Amino acid sequence: MKVLLLKDAKEDDCGQDPYIRELGLYGLEATLIPVLSFEFLSLPSFSEKLSRPEDYGGLIFTSPRAVEAAQLCLEKNNKTEVWERSLKEKWNAKSVYVVGNATASLVSKIGLDTEGETCGNAEKLAEYICSRESSALPLLFPCGNLKREILPKALKDKGIAMESVTVYQTIPHPGIQGNLNSYYSQQGVPASITFFSPSGLTYSLKHIQELSGDNIDQIKFAAIGPTTAHALAAQGLPVSCTAESPTPQALATGIRKALQPHGCC
């Protein structure tokens, strides 16, 4: 059975995207099509802030892209040496909060110790931070231009200072239409389509509706989390599956249940 995931491929240590592998374990043939591209912004400003850990109570990373922005700052400004020598240690003396294992894995690669990764979304991370944070210094929050206000508002309501810096913006992937056309012409209508973000839904839905035609009712729509599920519902699409956590294992389990006769997760 063929399933479509609207995300870019990320190889793990085994040289394969973990979503393709997990779905394959259930006999599902997954194809990945990227629907988002990213442009990095304000890197000099972010780099300067990373150089001043003494001004902050800690860091918050809620997306892999924000970590990539930090990596670019270290590479572009020849900061790798000073990072390894002193900055990394100074940041590790503070809290580094993250959402999800994928983000945590990238953060660990730049040498930082993470906490909160088991929080599957911003709401849960906000609760976690509020239960632990006592520093009077602001938390540094590199984020994208489409960030939701849940985390900033929750922290503000609890009197926890935070400084946001927009380090990337989300744009449509230039190959969305061509890649979807190729997929449908070669594979036909998929049994399931998974969306990984509200913006990914916005940029791809029209093409999917046109290509699927009357067969769109046969597709089981899945979401990686509650925010994306709400976006699907707002478009009038039935949500057959919302992953219990933003992981390949949880998504694969959910899709398998949804594709079983009378299944819903």
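Biologist: At what angle do the axes of helix 8 and helix 9 cross, and how is such a value read?

Modeller: Axes are lines fitted to C-alpha atoms, for helices over the stretch in contact, and angles between N-to-C directions run from 0 to 180 degrees. Helices (H or I, at least four residues) and strands (E, at least two) are DSSP runs numbered from the N terminus. Here, the axes of helix 8 (residues 176–187) and helix 9 (residues 198–212) come within 10 Å and cross at roughly 30 degrees. Helix 8 is therefore roughly parallel to helix 9; angles under 35 degrees count as roughly parallel, over 145 as roughly antiparallel, 65 to 115 as roughly perpendicular and the rest as oblique.

This is a predicted model, in which local features need pLDDT of at least 70 and side-chain atom pairs count only at pLDDT 80 or more, while totals for chains, interfaces and linings use all residues. Residues are numbered from 1 along each chain as its sequence is written, and side-chain values use heavy atoms, with hydrogens and water left out.

Biologist: In which hand does helix 8 pass helix 9?

Modeller: A crossing is left-handed if the near helix is turned anticlockwise from the far one by less than a right angle, and right-handed if clockwise. Helix 8 passes helix 9 in a right-handed crossing.

Biologist: Which residues in helix 8 and helix 9 meet?

Modeller: Contact means heavy atoms within 4.5 Å. From helix 8, Ile176, Gln177, Leu180, Asn181 and Tyr184 meet Tyr203, Ser204, His207, Ile208, Leu211 and Ser212 of helix 9. By class, this contact has six nonpolar, five polar and no charged residues; Ala, Val, Leu, Ile, Met, Phe, Trp, Tyr, Cys and Pro count as nonpolar, Asp, Glu, Lys and Arg as charged, and the others, Gly among them, as polar.

Biologist: How many residues has the largest nonpolar core?

Modeller: A nonpolar core is a set of buried Ala, Val, Leu, Ile, Met, Phe, Trp, Tyr and Cys residues joined through side-chain atoms within 4.5 Å. Buried means under 20% relative accessible area, exposed over 50%, partly exposed in between (1.4 Å probe, protein chains only). The largest such core has 26 residues, and Phe46, Leu59, Phe61, Trp91 and Leu112 have the most contacts inside it. Among the elements that each supply at least two residues of this core are helix 2 (43–50), strand 4 (58–61) and strand 7 (162–172). Helix 3 gives the most, with six residues. A second, separate core of 22 residues includes Leu4, Tyr184, Ile216 and Leu237.

Biologist: Is Ser95 buried or exposed?

Modeller: With 18% relative accessibility, Ser95 counts as buried. Ser95 is found in strand 5, and its contacts, leaving aside neighbours within four places in sequence, are Gly57, Gly58, Leu59, Glu115 and Glu133. The C-alpha atoms of Ser95 and Ile60 are separated by 8.4 Å, although these residues are 35 apart along the chain.

Biologist: Where does Lys158 lie?

Modeller: Lys158 lies in the loop between helix 7 (150–157) and strand 7. Lys158 has a relative accessible area of 60% and is therefore exposed.

Biologist: What is phi of Ser42?

Modeller: Most residues other than glycine have a negative phi. Phi of Ser42 is near 50 degrees, a positive value in a residue other than glycine. Ser42 lies in the loop between strand 3 (36–40) and helix 2, and its 39% relative accessibility makes it partly exposed.
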